[in-house]
Amino acid sequence: MKVFVSHQKADSSLASKIAGHLKYKHQIDCYLDLVDPNASQTGDELGEYLRNEMGQCTQLMAVVSANTKGSWWVPWEIGVATEKDFPIVTFSGDNTSLPEYLKKWPYLKTEQDLNSYAIASKAAKQQYNAKKRSPYSFDSANAQHSSTQEFYRTIRAKLGQ
């Protein structure tokens, strides 16, 4: 499991804290462009590079704040993750009011929410792996979709959403 942490540059500090928390408390790897020297490309090259990096990930967490309104990349990354049927969540550390289209997915606001996210993510991964091993397994796309839907049910129940 690897989480693509999407964020606006002004939210780099919060994105870094989230990635560190997931890595050190829950052993969940994250892709964070702050530590990637190749993420300094521009335009189409950057888009293709990020799409490839997202291909190495299994989930997306969008860090949102008032700063996100000035980002073209965060909505683009959410779109790519949607195409890939990734589990998607948002994290708002400053109680930013989310735009309507982001309310479709679970939203996190606290460290406890982040811990609940980690637990639900690991459960979804186990379910996906079990379906892939089953002799009656779905194809990969169906297993992914089923796992994503189970993730949403689990995290929403934990968050009361």
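This is a predicted model: local features need pLDDT of at least 70, side-chain atom pairs count only at pLDDT 80 or more; totals for chains, interfaces and linings use all residues.
**Ground rules.** I number residues from 1 along each chain as its sequence is written, and side-chain values use heavy atoms, with hydrogens and water left out. Local features need pLDDT of at least 70 and side-chain atom pairs pLDDT 80 or more, while totals for chains, interfaces and linings use all residues.

**Confidence.** I looked up pLDDT (the predictor's confidence in each residue, from 0 to 100). The protein's mean is 88, and 94% of its residues reach 70 or more. Strand S1 (residues 2–6) is highest at 97, and helix H2 (residues 43–54) lowest at a mean of 86. Helices (H or I, at least four residues) and strands (E, at least two) are DSSP runs, numbered from the N terminus.

**H1.** Buried (under 20% relative accessible area, 1.4 Å probe, protein chains only) residues of H1 include Ile18, Leu22 and His26. Gln27 follows H1 with a positive phi, near 55°.

**H2 and Gly47.** I found H2 and H3 (residues 73–83) packed at about 45°, axes 11 Å apart. H2 contributes Leu46, Gly47 and Leu50, among others, to the contact. Gly47 counts as buried because its relative accessibility is 9%. Beyond neighbours within four places in sequence, Gly47 is in contact (heavy atoms within 4.5 Å) with Trp73 and Trp76.

How values were computed. Buried means under 20% relative accessible area, exposed over 50%, partly exposed in between (1.4 Å probe, protein chains only). Axes are lines fitted to C-alpha atoms, for helices over the stretch in contact, and angles run from 0 to 180 degrees between N-to-C directions.
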